[in-house]
Amino acid sequence: MNLVMKTSSTLKQRGGIGSPARRESLGDSGLNHSVKASGGAFTLIELLVVIAIIAILAAIMLPVLDKAKQRALTAQCLSNMRQLQACYVLYNGDNSGFLAINLSTGGEETAASQNCWIAGDAQTDTSTTNIQQGKLYDYNKQVAIYACPANTKKIPGNAGFGKKILVPQTRTCAIDYSLGGGDPPGSPLSRNNILFGSYDKENKVRHPAAKIVFVDEGENSVGDGCFGLFPVGSYPLINVWWNVPGSRHDRGCTFSFFDGHVDYYKWHGTDVIQDDINPNTSGGNPADPVGTSDDLPRVVAGGSEYYPLQ
């Protein structure tokens, strides 16, 4: 007992654990400071670490989210193509197999254009009126299916009282010129002194799975409802695009085919992509870009029914 009391007394004299001197000594050295701030709050260092981790995770996730968004837009565009193709098939069936008229009218409201699958010019239309006047509209009255969801081009318009506005481009799709082209449909077409055939009835298309119908055309190329391709037999003698497909979907484009299926083409070269980015500054359709890869023959092969006339 005397030993314990003596030890306790000695500790107090020497600044034991419970003595004020000992507590002051520990406090001065900082050994009793907690990593946490008082009241359980984060310290500044901890907060900065959390912010840094969040920033790193965001940098990792943003590209993934962007790719997911792009895939969703591509899927939506393919859905639009599928719905337009369904309208096309229904129209042909209701008209004894005769294809929807697809004349190049230059955007003029002529009697011929009023009987086409579409009217107007996508470079100047500021409303969906010309879509609604088209012969396919009654089969699906959703005007949104006529425009690529990834397209951001704006068309100058007029809100009245001299006020200028910009409105979204109402249409990016076009139909292969050989289908329903010619005046009358089925008569020869021509371009650069080359004559080639067109089709007026669906039973004349010999390879439906290989025949392009709708094309999601480039925003600077699309005008009337026709997408022109030089015939298979003219390539490689004529190595230029007539009209230019789009490249809004991860450097690729969507198509529909005569048998009803839709597809996505990833561009291998840069001619289509550069033409969409840097169109002819004179306005309207860009200059015909030269094919620099296998992209042009791939699309021409998709229009394999687009035969030249001997």
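Me: Which residues form one aromatic cluster?
Reply: This is a predicted model. A search of the whole structure finds 10 aromatic pairs. One of them joins Trp117 and Phe214, with 5.5 Å from centre to centre. The cluster consists of Tyr88, Trp117, Phe214 and Phe258.

Me: Is the Trp117 and Phe214 pair stacked or edge-to-face?
Reply: Planes over 60 degrees apart count as edge-to-face. The planes of Trp117 and Phe214 are 85 degrees apart, so by that cut-off the pair is edge-to-face.

Me: How many residues apart are Trp117 and Phe214?
Reply: Trp117 is in the loop between helix 3 and helix 4, whereas Phe214 is in strand 6. Both residues are buried.

Me: Which element gives the largest share of the largest nonpolar core?
Reply: This core has 24 residues, and Tyr88, Trp117 and Phe214 are among those that touch the most other members. Helix 3, strand 3 and strand 6 each give two or more residues to the core. The largest share, 6 residues, comes from helix 3.

Me: Is Thr170 buried or exposed?
Reply: Thr170 lies in the loop between strand 2 and strand 3. Its contacts include Asp125, Ile131 and Tyr146. Buried means under 20% relative accessible area. Thr170 has 13%, so this residue is buried.

Me: Which residue has its charged end over the ring of Tyr265?
Reply: Tyr265 is buried, as is Phe255. The charged end in question sits 5.2 Å from the centre of the Tyr265 ring, and it belongs to Arg298.

Key: Residues numbered from 1 in each chain as written. Predicted model: local features only at pLDDT ≥ 70, side-chain atom pairs only at ≥ 80, totals over all residues. Heavy atoms only, no water. Core = buried A, V, L, I, M, F, W, Y, C linked by side-chain atoms within 4.5 Å. Buried < 20%, exposed > 50% of the residue type's maximum accessible area, 1.4 Å probe, protein only. Helix = DSSP H or I, 4+ residues; strand = E, 2+ residues; numbered from the N terminus. Contact = heavy atoms within 4.5 Å. Phe/Tyr/Trp six-rings, centres within 6.5 Å; stacked < 30°, edge-to-face > 60°. Lys NZ or Arg CZ within 6 Å of the ring centre and 35° of its normal. Lists of a residue's contacts leave out its neighbours within four places in sequence.
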